[in-house]
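The sequence and structure come first.

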Amino acid sequence: FFVFFFQAEDGIRDAQESRGLGDVYKRQSVDHKEFRKLKTEVNKFVRILDEAIKKEYEADVFLGGSFAKRTLTKSERYDADIFVRFDWKYENLSDKLEKVVIVVAKRLNLKVKKIHGSRDYFRVFGEGNLVFEIIPVVKIKKVNEARNVTDLSYFHVRYVRRKLNEKMRRELALAKRFLKAHSLYGAESYIQGFSGYGLECLIIYYKSFEKMLKELVKVPRGGRIVIDIEKHYKKKNEVFFEINESKLASPIILVDPTWKERNVLASLSTESFEKFQDVARKFLRNPSQKYFYKEIVDSQKIKKETYEGELLNIKLKTDRQEGDIAGTKMKKFSRLIERILGQYFLIVRNEFVYSGEGNFAHHYLIVKNRKKEIVKIGPPLGRIADVKRFEDSHKKTMYKEGYVCAKLDIGKSAKEFLKKWANSKEGILKMKDMGIIEMNFEE
C-alpha cells in the first residue's frame, strides 16, 4: 500500500489526505494479474515479429515504452511500443516493415493501420484493449548517428530503466495521472505538453511529484529553466550555444541525458506550461484527489457555470488522419476562430477538446459583444479590379485615406457572425486549406 505524504511548512499534512492520494495511486496501478496477462500477449507478439523480421532483413526487435520501463498505468487502452531496429544500410524502413507487419497480423488475424508521420509506423490491434505500435528505427551505436528522433528510443529505454527505482515509478504514476487529467500529457502538436520521456526525466531529476511541482511553479512568467540531469555542461548558459536555437523556445530546457545537444521538452509550449503552473499552485495550496481525475467539459457543464455571455458549441470535422495530424489541424482552425471573433467579441472562456482519436473535435467558447459595427480596410484604390471585387462582396463601402473600406454589421449573435464568415469566400477557402470539412453549431 502506497501512502503519498506532502511536506508542508508546518509539518506533514493530514494523514487522511495522504491516504487519499495513495488511493489515487492504487486506482491508477495495473494489478499484477492484469499486467502478467498483458505482458504475456506483448512478449508473444514481439517474439513472432522478431522471427518474421529476421527472415527478411538484418534487424532485431525491442520493446520500449511503459511495458519496458515498468511504468504502465491504468488506461482504457494499453499501447505497447515495439521498435524494429534495422541495420544502417537499409533505406525506406517503413516500406520494408510494412510487408512483414501485414504478414504477422494476418497470421494472428489482427487488424493493421498505417500511421503517417516523420517516419510511418504501424498500429496493430490486439485482443481487448491492447494495441501494438510498431516503429521502424535505425540500429545506431552513438546517439549522434540518429536519422530520426525515434532512433534514440533504445537509449532512452536503457537510461530510464537504469535510473528509476520503485518509489520513483510511483511518483511518476501520480505525475502522469495529474498531467493527463488536465490535458497536459503528450508532445503532440495539439497538446504541446510534457512528453512521456520528458516527464520520466523530470521525476528522475526531482525524485518526487511534489518536489517537481514546487520547483516548476517558481519559474517566473515568461522565464525559462535549464535542467541538465547528467551535468553535460559546466555552465548552464552553454546550453544556448550547443542546442539548436529552434529547440530553445520552450519554458523548460531539459538536456537529454543521453544526448546533450537535444532539448527533451522542446515541444512544450508557454501556454501549456502556464496552465500547468496554475493548476499546480492550486493543488499545492489544497491537495485533493480531484486534481487527478479528468474534468468532463461539455456544453451542459459550461452552462451550469457562472459565465455571462453567449455560448458557442462548435463541432469541427477534418478529413486528415486521426491523431496528431487531425488534432493539430483542428486546433489551428480553432485558434483562427478565436482570432476572428476576438476582433469583435470579448472571449470569456475558451476550451478545445479532442480525444486523440477520430476526426471530430469540440470548441467551446463563451463570448460577449464588443462592437456592433466595425470598419474593414480593403485594397488601395489604385488596384481597380481588387477594389471592384471588394465592393461586390460588401454591402456598405466607402473610401478612406486611399483605401476602399467596408462597414461590417456584427449584430448581436456571435454564432450568426461566425456562420456568415464560414459561408463567405474567405471562410470557405480557409476551411479547405486547413483540412476542415465541417463546422457545425450544436446546443
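Helix α4 (residues 93-108) has 16 residues and spans 23 Å from its first C-alpha to its last, close to the 22 Å expected at 1.5 Å a residue, the expected span being 1.5 Å times one less than the number of residues. The model is predicted, so local features need pLDDT of at least 70 and side-chain atom pairs count only at pLDDT 80 or more, while totals for chains, interfaces and linings use all residues. Residues are numbered from 1 along each chain as its sequence is written, and side-chain values use heavy atoms, with hydrogens and water left out.

**Faces of α4**

- L93, S94, L97, V100, V101, V104 and A105 of α4 are buried (under 20% relative accessible area, with exposed meaning over 50%, for a 1.4 Å probe and protein chains only).

**Surroundings of α4**

- The buried residues of α4 pack against α2 (32-56), β4 (78-86), β5 (111-115), β6 (121-125) and β7 (130-138), where contact means heavy atoms within 4.5 Å.
- Just after α4, N109 takes a positive phi of about 60°.

**Second largest pocket**

- The lining of the second largest pocket has twelve nonpolar, four polar and eleven charged residues, where Ala, Val, Leu, Ile, Met, Phe, Trp, Tyr, Cys and Pro count as nonpolar, Asp, Glu, Lys and Arg as charged, and the others, Gly among them, as polar.

Note on methods:
Helix = DSSP H or I, 4+ residues; strand = E, 2+ residues; numbered from the N terminus.
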